[in-house]
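Please open the model in your viewer and keep the sequence panel beside it. The stops below give you something to select and then say what is there.

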Amino acid sequence: MTLIEENMNKYIDNGQVNVENLTQAWREQLAAHYLDKPRLCLLLTNSPLTFETEGESLMILFDVANDAQKEWLEIKMIPEMTEIFESITGINEISIKPIVKEPEDVRVYQPPLRGAVSLEDMNEVKSIVKDLEIDIKSQYDE
């Protein structure tokens, strides 16, 4: 068995992905190549990863914040990142795909247009203040 095959078996063995080793290589070795790009390095270090295999091919999916970030990565960085990660792992067929993270449900308070504020509106505001832990008064009452 050659050194390249041994290295590859550390990451994919008999079609089974070693998620721990791949994640470690991604977060430590690949991210280290981009210390001069702090935002990219942080993204590579912290983004959730998904690994999928098809034969000897490995697809890596990772979350990005928005379409602009995804487009920038696809145009500017993915080819280089793919080449670097292939050399790190010894896997010849890697595809890296940024995925725009779905926004979480955001509660937005919308005050009434004009007129009196209802009890329901006041309860909603109190609930938001409590959920977001922004009740300043209660912090100083103690």
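Begin by selecting Trp26, Leu30, Ile60, Phe62, Leu73, Met81 and Phe85, which touch the most other members among the 28 residues of the largest nonpolar core. Such a core is a set of buried Ala, Val, Leu, Ile, Met, Phe, Trp, Tyr and Cys residues joined through side-chain atoms within 4.5 Å, where buried means under 20% relative accessible area, exposed means over 50% and partly exposed lies in between, with a 1.4 Å probe and protein chains only. Colour next the elements that give two or more residues to this core, namely α2, α3 (38–46), β3 (49–54), β4 (57–64), α4 (67–89) and β5 (93–100); the largest share, seven residues, comes from α4. Helices (H or I, at least four residues) and strands (E, at least two) are DSSP runs, numbered from the N terminus. In soluble globular proteins, nonpolar side chains tend to be buried together.

The model is predicted, so that local features need pLDDT of at least 70 and side-chain atom pairs count only at pLDDT 80 or more, while totals for chains, interfaces and linings use all residues. Residues are numbered from 1 along each chain as its sequence is written, and side-chain values use heavy atoms, with hydrogens and water left out.

Now centre on Trp26 and show its surroundings: leaving aside neighbours within four places in sequence, Trp26 is in contact (heavy atoms within 4.5 Å) with Ala31, Leu44, Leu49, Ile60, Phe62, Met81, Phe85 and Ile96. Then select Thr23, which is placed in helix α2 (residues 19–32). Is Thr23 buried or exposed? Thr23 counts as buried because its relative accessibility is 17%, and, not counting residues up to four places away in sequence, Thr23 touches Leu49 and Phe51.

The next stops are pairs of helices.

Show α2 with α3, whose axes are 8 Å apart and which pack at an angle of about 165 degrees; α2 is therefore roughly antiparallel to α3. Axes are lines fitted to C-alpha atoms, for helices over the stretch in contact, and angles run from 0 to 180 degrees between N-to-C directions; those under 35 degrees count as roughly parallel, over 145 as roughly antiparallel, 65 to 115 as roughly perpendicular and the rest as oblique. To see the contact, select Trp26, Arg27, Leu30 and Ala31 of α2 together with Cys41, Leu44, Thr45 and Asn46 of α3.

Move on to α2 with α4, where the axes come within 11 Å and cross at roughly 120 degrees, which means that α2 is oblique to α4. Here Leu22, Ala25, Trp26, Gln29 and Leu30 of α2 make the contact with Met81, Ile84, Phe85, Ile88 and Thr89 of α4.

For α3 with α4, the axes come within 13 Å and cross at roughly 85 degrees, so α3 is roughly perpendicular to α4. Select Leu40, Leu43 and Leu44 in α3, which meet Gln69, Trp72, Leu73, Met77 and Met81 in α4.

Finally, zoom out to the whole protein chain, which has six helices and five strands and follows the pattern α-β-β-α-α-β-β-α-β-α-α along the sequence. Of the 142 residues in the protein chain, 27% are buried, and among contacts with a separation of 6 or more, 54% are accounted for by residues 24 or more positions apart.
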